[in-house]
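Okay, everyone, thanks for coming. Let me put the structure up, and then I'll walk you through a few spots in it.

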Amino acid sequence: MRRLSRCLGLSAALALTGLAVTACGGGAEAEERPAKSSVSKPPASAAPVSEKPAPPAVMLTDAAKAVRPEIAPAGGETVGVGQPIAIVFKQQKVAKELRAGIEGRLKVSTSPKIAGAWHWNESKGDTRVHFRPEKYWPAGTKVTLDAKLGGVKLAEGTAAVGNRTISFTIGDSMVNTVDLKTHRMTVVRNGTTLRTIAISGGDEGKGFGTRAGVKTILAKEGRVVMDSLSIGIPRNHPDGFYGSYDYSMRETISGEYVHAAPDNAESFGKENVSHGCIGMSTDDAKWLYGLSRKGDVVQVVGSGKPKPMDHFGNGYGDWNLTWQQWLEGSALGLRSGG
């Protein structure tokens, strides 16, 4: 019996997305589907940027409700080139007329100077505002977010609490391209191809296709228990499975992982048989796990029946928006990064 991979468990670091874990490649449906994917590449040197002045934020004293925003990544972390700055106001709408003032209280400084922009999104009761450059962060960039949100009005009777300053570093560039047609993953580190790995992706014929487009590694979770009962498939069904899988790295909240899948060894490089995860040999998975970190890029191409990666709410699908689409979701537009 061929075993299809499904992943359980939710890292605390993923709470920012606000979604429960469901099926590998299933569960959380896209809140919005991109009309066209935009693949970002390493940035060229930035041109001078003139920032649009921010209006004063509306302050609210003695608010009836106080919301502490959740922020990722954490201070002191080293993350991959695809990691956005993510601020989430859990179960809270943020009035659109207040967003420009709020963006003005979110100062992003980088060394070297890299321009970027904020983008707002509402889904499942949460309001998110993410910051990213036009293209992936350059390796080695130092980033500081100075979020002066304490007392800022979010909505009628509601204010944010807590000023926070968070600094993090962008590590080596790791861009992994998964081709579902050739059943290969190409691992490129700092512009050099290190290895091409034989893989097996999601079985599109059974509706379990791997989400297409650009994703990032959300967490390195190591050994993960995968159980078909979690998606309503009995373990003794031909598509059922139960077991622990090593070197697992999460890509989506709904359960897509890159991981070792030795029970699918006969399919590597030949066919896609999983429920959406990217499986490979234990040796390859161990090697990749050792090189990887949160925020590394996983780009999925070659799907016969594309199921686009969610833009928000199921991990970081930020890079599937064109730069123009990204700017359209900002209240102030381009910020200098200085």
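Let's start with a charge and a ring: the charged end of arginine 195 sits over the ring of tryptophan 287, 3.9 Å from the ring's centre. Keep in mind that this is a predicted model. There's another case like that, with arginine 132 over the face of tryptophan 326, 4.8 Å from the ring centre.

Now, rings with rings. The structure has 5 aromatic pairs. In one of them, tryptophan 118 and phenylalanine 131 have ring centres 5.1 Å apart and planes at 65°, and because an angle over 60 counts as edge-to-face, that's what we call this pair. Buried or exposed, tryptophan 118? It's buried, at 0% relative accessibility, and phenylalanine 131 is buried too, at 1%. Ring pairs also bring in Trp137, giving a cluster of Trp118, Phe131 and Trp137.

Next, helix α2, residues 282-291. Asp284, Ala285, Leu288 and Tyr289 are its buried residues. They span an arc of only 130° around the axis, which means they sit on the same side of α2. Remember, an α-helix has 3.6 residues a turn, so residues three or four places apart point the same way. On the face turned away from the buried side you'll find Asp283, Lys286 and Gly290, which are exposed.

Last stop, strand β11. β8 runs antiparallel to β11, with 7 bridges joining them, and leucine 145 stands opposite isoleucine 166. β3 runs parallel to β11, with 2 bridges, and there valine 79 faces isoleucine 170.

Definitions and conventions: Residues numbered from 1 in each chain as written. Predicted model: local features only at pLDDT ≥ 70, side-chain atom pairs only at ≥ 80, totals over all residues. Heavy atoms only, no water. Pairing = 2+ DSSP bridges. Helix = DSSP H or I, 4+ residues; strand = E, 2+ residues; numbered from the N terminus. Buried < 20%, exposed > 50% of the residue type's maximum accessible area, 1.4 Å probe, protein only. Arc of directions from axis to C-beta. Phe/Tyr/Trp six-rings, centres within 6.5 Å; stacked < 30°, edge-to-face > 60°. Lys NZ or Arg CZ within 6 Å of the ring centre and 35° of its normal.
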